[in-house]
Amino acid sequence: MSAVFIPIAFSAALAQMQHGQHGQHTGHDMRGAHEGAFTDAPMSQEGSGTSWLPSSSPHYAKMLPTRDGGAQHLMGVAFGGFTDAGGTRGESQWAASSMAMWSGKWERPVGTLSLRAMLSLDAWTNGRRGVPNLFQTGETEGGQPLTDRQHPHDFVAELAGIWSKKLSPDVRGFVYAGPIGEPALGGPMFMHRPSGFENPEAPISHHWFDSSHISFGVVTLGATMKDKWKIEASAFNGHEPDEDRFGIDPIALNSASTRLTYNPTPDWSLSASYGFLDSPEELEPGVDVHRTTASVTYNRPMPGGDLSAGLMFGRNSKEGEDTDAWNLEATYANPQWSVFGRWENVEKDELTGVPAGTYRINKFVFGATKNVAVRDGFEWGVGAYAGFYSFPSTLEPAYGRSPVSFGVFLRVRPTRM
C-alpha cells in the first residue's frame with residue numbers, strides 16, 4: 001500500500017527543482033517561453049510527441065528557472081488509490097500510475113531546439129503485470145499475453161529532441177528524433193488529452209489509437225503552416241516495448257507512418273494518420289499491422305472552467321482482418337471540481353480464456369474529482385469513478401453478466417498555467 005504514494009512523492013519532489021536552481025525570470029527570459037517547440041502557437045496546442053491539441057486547451061505545468069537562456073517546464077500527473085475491475089475475472093489492487101515530463105527550449109539563430117525527458121514509475125509501483133482493467137489487452141508478462149490488465153509504462157517513456165526553423169513567415173519545418181519517442185501515428189496519448197486526463201483508467205481502445213507512444217527509435221520530419229496545418233512522416237520502431245520496463249530496447253527504424261493535422265480555430269483540432277507497424281506483438285512474430293486513425297478534439301473555455309471533448313477512431317488491419325475501435329470522452333474542469341466520462345466500442349480479438357473470436361465490447365466510465373489543496377505549484381485532488389460494460393452473452397461464463405468496476409484515487413499535478 002505504501003507504493004501508492006511513491007509517484008506522488010516523486011512528482012512533488014520534482015518541485016524542488018524550482019528552488020534548487022539559480023536564476024530569476026526576467027522579461028528577456030520570458031520571451032517565447034510559453035510558445036510551442038515547433039510553432040508560434042501556445043504550448044497548450046502541443047500534445048504528446050508531435051501531436052496537436054486545440055490551442056485553447058488548459059495547460060498544467062510548472063515553469064522552472066531558465067538555464068542558458070532557455071525556458072524549462074515540468075508537466076505530468078500521478079494517481080494513487082484503489083481499483084476493483086469487477087466481475088468474475090476482475091481483480092482488485094492498490095495501484096499508482098505516474099508520468100512526469102521535463103522540457104526545455106532554446107532559441108538560437110539557426111532555429112529552435114527543444115529537449116524532452118519523460119519518466120514513469122508504473123513498473124515499480126504496480127509490478128510487471130500492471131493495473132487491473134477489465135477487457136484490456138496488449139503486451140505480455142512472463143511470455144503470456146496480458147488480459148484484463150493495463151501494462152505498466154516503461155521507466156523512460158520519452159527521450160527526444162525537436163529542432164525547428166522558420167522557412168517563411170507562414171511555414172516552419174521541424175525534425176523530431178530520439179532513442180525513445182512517439183511517432184506521427186494516432187493522436188495525443190490518453191494521459192495528455194484534456195478530454196480524458198482526469199480519468200485514471202487507460203482506455204481499452206489504447207492499442208488501436210495511441211499505443212505506439214513509446215517507441216524505441218523515432219525520426220519524424222514535418223512542416224507547419226500558419227500554425228493551423230501540420231503534415232509529418234515518421235520512421236520508427238513498430239515493436240511494442242518488451243517486459244523489461246527499466247531497460248532500453250534495441251533501437252530500430254522498421255516501421256513508417258504519416259499524419260495530417262488541421263486546427264481551424266483555437267478550439268478545434270482534427271487529425272488523420274496511417275501507419276505500418278512491423279511485427280508489433282511479441283507473441284505474433286512476423287505479423288504486421290496496418291493502422292488507420294482519425295480524431296476530432298475540442299476545447300471550450302467557459303467562465304471558471306473548460307469543457308474538453310474528443311472522438312477517436314482506430315482500425316488495426318492484420319492478415320486481411322480488420323478490427324475497429326471508437327472512443328468518445330469528455331471532461332469539464334474548473335478550479336474546484338472536474339467531472340469526466342468515456343464511452344468505448346472496441347472489437348477485441350486478443351481475449352484469453354474464452355472461445356476464439358472477435359468480440360465487440362462497450363465500456364462506459366463516469367467519475368469526478370474534487371480539488372482539495374494547492375501547494376508549491378501543485379494541485380491535489382481526490383476522486384472516484386465507476387465503469388459499466390456491454391458485451392456478447394458468449395463471454396458471460398468468463399466475465400459474469402453485469403460486471404461493474406470502480407476506483408477511488410488521489411491525484412496530483414502542476415497547477416494550470
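Q: Why does Phe174 count as buried?
A: Its relative accessibility is 3%, and buried means under 20% relative accessible area (exposed is over 50%, partly exposed in between, with a 1.4 Å probe and protein chains only), so Phe174 is buried. This is a predicted model, where local features need pLDDT of at least 70, side-chain atom pairs count only at pLDDT 80 or more, and totals for chains, interfaces and linings use all residues. Residues are numbered from 1 along each chain as its sequence is written, and side-chain values use heavy atoms, with hydrogens and water left out.

Q: What makes Phe82 and Phe406 a tilted aromatic pair?
A: Their centres are 6.4 Å apart, with 45° between the planes. Rings of Phe, Tyr and Trp (its six-membered ring) pair if their centres lie within 6.5 Å; under 30 degrees between planes is stacked, over 60 is edge-to-face, and the rest is tilted. So this pair is tilted.

Q: How do you know that the charged end of Arg413 sits over the ring of Phe197?
A: It's 5.3 Å from the ring centre. A charge sits over a ring if NZ of Lys or CZ of Arg is within 6 Å of the centre and within 35 degrees of the ring normal, so that distance passes. Arg413 also lies over the face of Tyr60, at 3.8 Å from the ring centre.
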